[in-house]
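Colleague: Please walk me through this model before I look at it in detail.

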Amino acid sequence: MAYLMLACAILAEVLATTSMKYSDGFTRLWPTLGTAAGYLVAFVLLAQTLKTMSVGTAYAIWSGVGTAAIAVIGMVFIGEAVNAARITGILLVIAGVVVLNLGGGGH
């Protein structure tokens, strides 16, 4: 259940960050509200996740998957540059999350 809640927190954070891109510096109402709502949901779900999961494990997964997802969204949907350095960076972020989780993470 903790991993499902964490996955929902990640989804909310990714949606919030994507909305922030379209908020035009918080000058557009709906993307701004989407940003605020998404981050509120993300932090509430992350806080609930931390009741049963270690903070290091949860935060590594949350930030790593979120970072990789936003980078991919930027390249695929927003037209940001796709190059070997970016792809390598995304793979290193994912590898870092995997390595941190291999170390265990009891509560």
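Predicted model: local features only at pLDDT ≥ 70, side-chain atom pairs only at ≥ 80, totals over all residues.

Colleague: Okay, where does Phe-26 lie?

Modeller: Phe-26 is in the loop between α1 and α2, helices here being DSSP runs (H or I) of at least four residues, numbered from the N terminus. Its phi is near 65°, which is a positive value in a residue other than glycine, and with a relative accessibility of 48% Phe-26 counts as partly exposed.

Colleague: And what is phi of Asp-24?

Modeller: For Asp-24 phi is near 55°, again a positive value in a non-glycine residue. Asp-24 sits in the loop that joins α1 (2–22) to α2 (29–49), and at 53% relative accessibility Asp-24 counts as exposed.

Colleague: Changing topic, how many aromatic pairs are there?

Modeller: The count comes to three aromatic pairs, a pair meaning Phe, Tyr or Trp rings (the six-membered one for Trp) with centres within 6.5 Å, stacked under 30 degrees between planes, edge-to-face over 60 and tilted otherwise. Ring pairs link Tyr-39, Phe-43, Tyr-59 and Trp-62 into a cluster.

Colleague: Why is the pair of Tyr-59 and Trp-62 called what it is?

Modeller: The ring centres of Tyr-59 and Trp-62 are 5.5 Å apart and their planes stand at 50°, so the pair is tilted. Both residues belong to helix α3, where they are three residues apart, about one turn of the helix.

Colleague: Buried or exposed, what does Trp-62 count as?

Modeller: Trp-62 counts as buried, at 7% relative accessibility, whereas Tyr-59 is partly exposed, its relative accessible area being 48%.

Colleague: Last one: at what angle do the axes of α3 and α4 cross?

Modeller: The axes of α3 (residues 55–77) and α4 (residues 84–102) cross at roughly 165° and come within 9 Å. That makes α3 roughly antiparallel to α4, the cut-off for which is an angle over 145 degrees.

Colleague: Which residues in α3 meet α4?

Modeller: Thr-57, Ala-60, Ile-61, Gly-64, Ala-68, Ala-71, Val-72 and Met-75 are the α3 residues in contact (heavy atoms within 4.5 Å). On the α4 side they meet Arg-86, Ile-87, Ile-90, Val-93, Ile-94, Val-97, Leu-100 and Asn-101.

Technical notes: Residues numbered from 1 in each chain as written. Heavy atoms only, no water. Axes fitted to C-alpha atoms, helices over the stretch in contact; angles between N-to-C directions. Helix = DSSP H or I, 4+ residues; strand = E, 2+ residues; numbered from the N terminus. Parallel < 35°, antiparallel > 145°, perpendicular 65-115°, else oblique. Buried < 20%, exposed > 50% of the residue type's maximum accessible area, 1.4 Å probe, protein only.
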